[in-house]
Every structure is written in structure tokens, then in C-alpha cells.
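User: I would like to go through a structure with you, one topic at a time. Please keep the answers plain.
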Amino acid sequence: MVVLTCAATLIYATYSLVSLARFRASAYDLVIFDQGIRSYSKFLPPISVIKGVHNDFGVEFSLLGDHFSPILATLAPFYWIHDGPETLLVAQAVLLAAAIPFLWRYVFRAVTLSGLPHARRAAHAVSIAYAISWPVVETVAFDFHEAAFVPLLLAVLFERLQARRLAAVVVAALLLLLVKEDMGLLVAGVGLSLLAVRRDRLLGIVFVAAGVAMAYVATQIVVPAAGGRATYYWAYSALGADMGEAVVSVLTDPLGAFALLGTPPVKLLTIALTLAPMLFLPLLSPVTIALVPLLLERMLASSFPNWWVSRYHYAAFIVIIVFVAGVDGFCRIARRRDLVTPFTVMVVVTGVAIVPFSSLGSMFTPGFYTVSDRQKAAAQAVALVPHGVVVEASNNLAPALSARTVTLLWDRTHRGAPWIVADVGRKTFPFTTVDEQRDRVRWLSDNGYRKVFESQGYVVLTSAAPGPAPSG
């Protein structure tokens, strides 16, 4: 267990740090979190100028106006050791791997209490499957997000619930509510699962009530008070213009709402992939009820297509529930039978089989580590930007500048920064075409900016007075 946890941490951190060094990380969202937590480390609100400026909230925009994630403040002290996005990537690796010991204990105890043999073998197999599972891997692959806290907290919650340490369960639930505004739905889901098994009913009722209340307070009161908008992430226009209309729509046309779960069909694929690592055994467990609210939140959406696919970090919020429910489902059908050995083999084989199709597979290719000519040019480009200046940077170049400059996203709106690092070699967020990016560079050149570097599609421009080439 210790070896697996350390190995997982090393693999996750290596993936993230190599990706950062090879300019595969992005301003959205790594720089957003980097700026906010750097601000926390200075005992200030979590200000993210890149988010505020690009999304028209203003330069003093607090991340609490985007998502209610005060738990991010716990990472601030690590910025006193190393001030840069690397800190977040390593912290995420540690958090995701730290769930493994608690999941291991849960599986070992569940199999043992069911009277089944080979509990240790089952615990190892499920822990390995979690470590290489696509929800964890895709979280690692997509920069840093607050989702990194959830597997650990959920693993603690379920393991302590199993051990009948209810005080620790409550603490874990309270910490979950500090991760993101919709974690209230997750806590409420856990409460519903407790009610379904008719165990700890009072705790279940408290979780449902507190979870729903906290989700409302966070989205409707706290986020707007911090400078955001309660409707900013409203993605359910197919159901109604607001929550009230959406609820009425679901109640009056349940078949229409049900149809949204498979529109577009990629939603069904993502649901299937979510259950696949545990061989669809979660379908046999009432614990699975706990993931339903968050799954519905994503799959009932009619906009924000990123929510529907398996590429990003969203499944990390429920991955532990999938594994816990899968183990519970297995124990329910395996009593008085020796099915542990085939179960452990199938779980590991399935996990390994999915690896080549997930982002983790790229770690086993030479191209993941090789420094290309284009990446060398990117390093030269960012090195030309002086320390402490305001710079508009292309999405995948911004993370390399975030620690030493005031970094804005290079987008369609001119921000007047004295330095701009552009990419016209490939399409980059938020532009829709490379031609649009080239047009922006031409406009800048025609409006007071001069090129000081151009290579492999990267262009550095400045409006500063001519002089010796600046160095990083």
C-alpha cells in the first residue's frame, strides 16, 4: 500500500511536471489557480487577474466569485516554499494518491466482513485499479483543479463510516462542502445512500438537508457576494431559464429530461466509462445513489460540452464512490462463493486495458519526454519577457510566465500589456482559427507593437522602447 501510494504520487507528479515543462499546460485553468493561491499566500483574497480580465469581471476578481472553493487556501503555505504552478501540480499528485490507503482499508475490511477470502489481494487490486483509473489520470492530465481534494475526502468519509467513526465522517463531509459549491449535492447524495440502506438515518437526513442548503447558499449568496454571478454556469436552458423552471420541466416532462441524459450520445459513453473500471458492479449497490446528483448535474446540461466527456477532471468528484460502490456490489453477490480471485484479476486487467486510451498512455511514448524544435522556440519566447511586467500570453505559454509576471490571457481583446507572447503555429484557446490569431498579430504590429522574436509559430511583441534584448 505504501509503495503503491508513493509510486502513484511519483507518476502523477512526473506527468504534470513534464507536461508543464513541455508547454502542454494551460492558462485555463492552471494559471487561474496559481494566481489565486499565490494571492492567498500573501494573506489576500484569491485574486486571479487572468480570469477576471478575460471573463470581464475586472482585475480584482476573486476566485470565490467563480467557485466556492475556500479549501484551496490550505495550499497557500506551500507557496512560501516554492512560488509557482509546480507547487499545485505536486500537491495534486499527493492528494490524489493519498486516497489509496483509505480505499485499501475500506476494501480489506469490506471483503473480510463479508466472510470472503483473499481480502488483502482484493484491496491491492482495487487500489491499483483506482491509481490507474481514467478519472484520476485525466485529472492529472488537465493541469490542476479543486477536484484533487475530493477522492481523499470521500475515501476518508467511507472508510471512517465503515469503521463507525462518525465524528470523522462529519468532518470529512464538512471539508467536502469547502471544495466547491456543488459539493453540497455530493454530500446530499451520500445522505440519500445512507437512507437507502436504512443505516445512520439521522446522519443521512442531516447530510441531505445540509448539502442542499449549502449548495444553495454557496451558489446564490456567497458566489455573487464575492463578485461572481449565480447564473454564470447555468447550463440547463433546455429545461428552463432558472432552477425553478428546470424543476417544473423535470416534473411535468420527465421523459424529456430523461432524453437529455443521452443527448448527445457521448453522455451515455461517459456514464458507461465511469462504471467500467469496477466492472459495472456499482449498479448492484445502494452506495451508487451518492453519485447520482453530481452525475445528473453534468448529464442534464444542454451546454458546456466539456462536462459530458471523459477527457477532463469532472469524474474525479465521484471516482471514489464508483470504487466503493463496486466493492459493495461485489460483496453482495459473492457471499459464500470464492469469486475474489477472478474479481481481482478482472479489475486489474480492465484498468490496464483502459490505460492506452487514457492520457496516462502517452507517458509510455518517447514523444512525451522529447523536446521538439517548437518547444525549444517556446522556451526562447518566454525567456525574452522581463520579470515583473504585465504580459498577454498564449494559453499554453502563460503557465511558464505566471510565477514571475502579471500574466493575462492573449485573446481577442487588446489589453494594452507592454509584452505579448503569441502563438500562430496552431489554434489556441480562446481563438477559433489560426488565421484569427495571425490577424491579431498583424493588428498589433500595425498598432505600435514591434516583433522581437519569431520562430516556430511563436511571436513576441512589445510596445516598450527599443533597447537591448531583455533576458529572463
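User: Is D435 buried or exposed, or partly exposed?

Analyst: D435 is partly exposed, at 49% relative accessibility. Buried means under 20% relative accessible area, exposed over 50%, and partly exposed in between, with a 1.4 Å probe and protein chains only. Please note that this is a predicted model, in which local features need pLDDT of at least 70, side-chain atom pairs count only at pLDDT 80 or more, and totals for chains, interfaces and linings use all residues. Residues are numbered from 1 along each chain as its sequence is written, and side-chain values use heavy atoms, with hydrogens and water left out.

User: Which residue forms a salt bridge with D435?

Analyst: The partner is R438, with the closest N and O atoms 3.6 Å apart. A salt bridge here is a side-chain nitrogen of Lys or Arg within 4 Å of a carboxyl oxygen of Asp or Glu. D435 and R438 are three residues apart in helix α18, and are therefore separated by about one helical turn. R438 is partly exposed, with a relative accessible area of 37%.

User: What does E436 pair with?

Analyst: The side chain of E436 meets that of R412 in a salt bridge of 2.8 Å, N to O. E436 lies in helix α18 (residues 434-446) and R412 in the loop between β2 (406-409) and β3 (419-423), so this pair ties together parts that are 24 residues apart in sequence. Helices (H or I, at least four residues) and strands (E, at least two) are DSSP runs, numbered from the N terminus. R412 is partly exposed, at 39% relative accessibility.

User: How many salt bridges are there by this rule?

Analyst: The count comes to 15. One of them joins the side chains of E159 and R160 at 2.7 Å, N to O. E159 counts as buried, at 0% relative accessibility, whereas R160 is partly exposed, at 22%. R105, R109, E159 and R160 are linked in a network of salt bridges.

User: Changing topic: which strands does β5 pair with?

Analyst: β5 runs antiparallel to β3, with five bridges joining them, and antiparallel to β4 (residues 450-455), again with five bridges. Two strands pair if DSSP finds at least two bridges between them. T462 in β5 stands opposite W419 and also opposite R450. β4 and β5 form a hairpin with two residues between them, and Q456 in the turn has a positive phi of about 55°.

User: How many residues of β5 are buried, and which way do they point?

Analyst: Five of the five residues in β5 (residues 458-462) are buried. Y458, V460 and T462 point one way, while V459 and L461 point the other way. In a regular strand the side chains alternate between the two faces of the sheet.

User: Where else is phi positive?

Analyst: H118 is not a glycine, yet its phi is positive, about 60°; H118 is in the loop between α4 and α5 and is partly exposed, at 32% relative accessibility. D200, also a residue other than glycine, has a phi near 55°. D200 is in the loop between α9 (183-196) and α10 and counts as buried, at 16% relative accessibility. Most residues other than glycine have a negative phi, and most peptide bonds are trans.

User: Which peptide bonds are cis, then?

Analyst: The bond from T263 to P264 is cis, with omega near 0°, and P264 lies in the loop between α12 (254-260) and α13 (266-275). A cis peptide bond also joins F429 and P430, with omega about 5°. P430 lies in the loop between β3 and α18.

User: Back to the start of the chain. What do the buried residues of α1 pack against?

Analyst: They pack against α2 (27-41), α4 (85-113), α5 (119-131) and α6 (134-141), where contact means heavy atoms within 4.5 Å. The buried residues of α1 include T5, A8, Y12 and L20. Helix α1 (residues 2-21) has 20 residues and reaches 28 Å from its first C-alpha to its last, close to the 28 Å expected at 1.5 Å a residue. The expected span is 1.5 Å times one less than the number of residues. α1 is followed by F23, whose phi is positive, near 60°.

User: And what is A148 in contact with?

Analyst: Leaving aside neighbours within four places in sequence, A148 is in contact with Q92, L95 and L96. A148 lies in the loop between α6 and α7 (149-162) and counts as buried, at 0% relative accessibility.
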